[in-house]
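Have a look at the fold before reading on.

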Amino acid sequence: MTESAEGFVLREIRYGDTGSIVKIYTRDKGLRSFIVKGLRPSGARSARASRNRQAKAALFPMLELEFTYVERRESQTLYVLRQFRPTGLAQGLYADVSKVCMLTFIAELLSKCLADGQADEALYDYIARFIRRLDAAEKPYGHYHVWFLLTLSRYLGCYPQVADVLYDTPGLMFDLQEGRFCRTPAGVGDSFTAGRPTQSPNPTAAQALFRLLAEPDGAEEKLRLMGGAERQGLLHLLVQYYTVQFSLSEIKSYAVLREVYRL
């Protein structure tokens with residue numbers, strides 16, 4: 001049975017000589033994996049090859065697609081992608097290399113954090129709003145992905161909690177496992193679990209995060225006005241936080257993102 005859906009492309013993985021496995025976050029079904037056949041046919045000059053290059057271009061990270069698919073008989077978790085095309089949402093931003101790097105990072109993070117088959121229309125709509133804003137944004141917009149990470153945590157159920165401490169408390173730390181602030185950091189020997197830090201070693205970043213959370217009105221503007229070094233520390237803290245909360249493997253696009261934005 002053929003079904004229709006819409007969703008954001010999160011990841012494409014080469015499958016065999018000519019196909020791909022594509023992870024798409026759909027509005028109605030959540031994260032699903034689809035197999036696409038014949039994206040890399042032999043005969044580079046053929047009309048078919050040209051069509052398939054155009055099809056592959058429709059699989060850019062965070063591009064919204066409308067598509068049809070069918071269940072794969074031998075698998076309950078892998079579906080066959082049939083016809084697909086961009087919805088037209090914010091396609092212009094893919095001409096901006098800096099914005100593409102930002103979307104690649106976001107797509108990789110989402111592909112690692114989201115669980116298969118868990119739909120959340122509120123999250124889907126938030127992603128769509130963010131992409132529209134990014135498409136319309138003029139420089140400087142180097143804070144957008146940091147703001148996205150902070151806001152995304154609300155939808156994923158791990159929004160950091162502001163404890164009853166002052167942001168300028170000496171030695172203020174952020175507990176990456178509990179999602180809260182601490183007055184006194186644990187000893188270095190006690191602050192790692194399974195080789196990962198459980199408390200941020202950067203008090204400046206912890207203070208910056210605390211200020212944004214404690215004074216939510218105008219928080220995005222404060223983030224935009226931050227200096228590059230302070231924003232770099234805050235981004236790194238949030239990446240550490242997601243890594244601990246979701247037991248993530250390395251986010252490969254993170255290094256590229258930092259280089260592009262000089263964060």
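Predicted model: local features only at pLDDT ≥ 70, side-chain atom pairs only at ≥ 80, totals over all residues.

## Strand pairing

Two strands count as paired if DSSP finds at least two bridges between them. With strand E4 (residues 64–71), E5 pairs in the antiparallel sense over 6 bridges. Look for Tyr69, whose bridge partner in E5 is Leu81.

## Salt bridges

The whole structure holds 8 salt bridges. One joins the side chains of Glu66 and Arg85 at 2.6 Å, N to O. Glu66 belongs to strand E4 and Arg85 to strand E5, so this pair ties together parts 19 residues apart in sequence. Glu66 is partly exposed at 31% relative accessibility, while Arg85 is exposed at 55%.

Arg27 is worth a click too: its side chain meets Glu6 at 2.9 Å and Glu121 at 3.9 Å. Arg27 lies in the loop between E2 and E3 and Glu121 in helix H3 (residues 121–136), so that contact ties together parts 94 residues apart in sequence. Glu6, Arg27, Glu121 and Asp125 are linked in a salt-bridge network.

## The largest pocket

The largest pocket has a volume of about 280 Å³. Of its 16 lining residues, Leu10, Arg11, Glu12, Thr104 and Glu108 are the closest to the centre. Strand E1 (3–15) and helix H2 (97–113) are the elements giving two or more residues to the lining, and H2 has the largest share, with 5.

Conventions
Residues numbered from 1 in each chain as written. Heavy atoms only, no water. 1 Å grid on protein atoms, 1.4 Å probe; cavity = no way out; pocket = protein on both sides within 12 Å on 5 of 7 lines; lining within 4 Å. Points joined across faces, edges and corners; volume = space filled by probe spheres on them. Helix = DSSP H or I, 4+ residues; strand = E, 2+ residues; numbered from the N terminus. Salt bridge = Lys/Arg side-chain N within 4 Å of Asp/Glu carboxyl O. Buried < 20%, exposed > 50% of the residue type's maximum accessible area, 1.4 Å probe, protein only.
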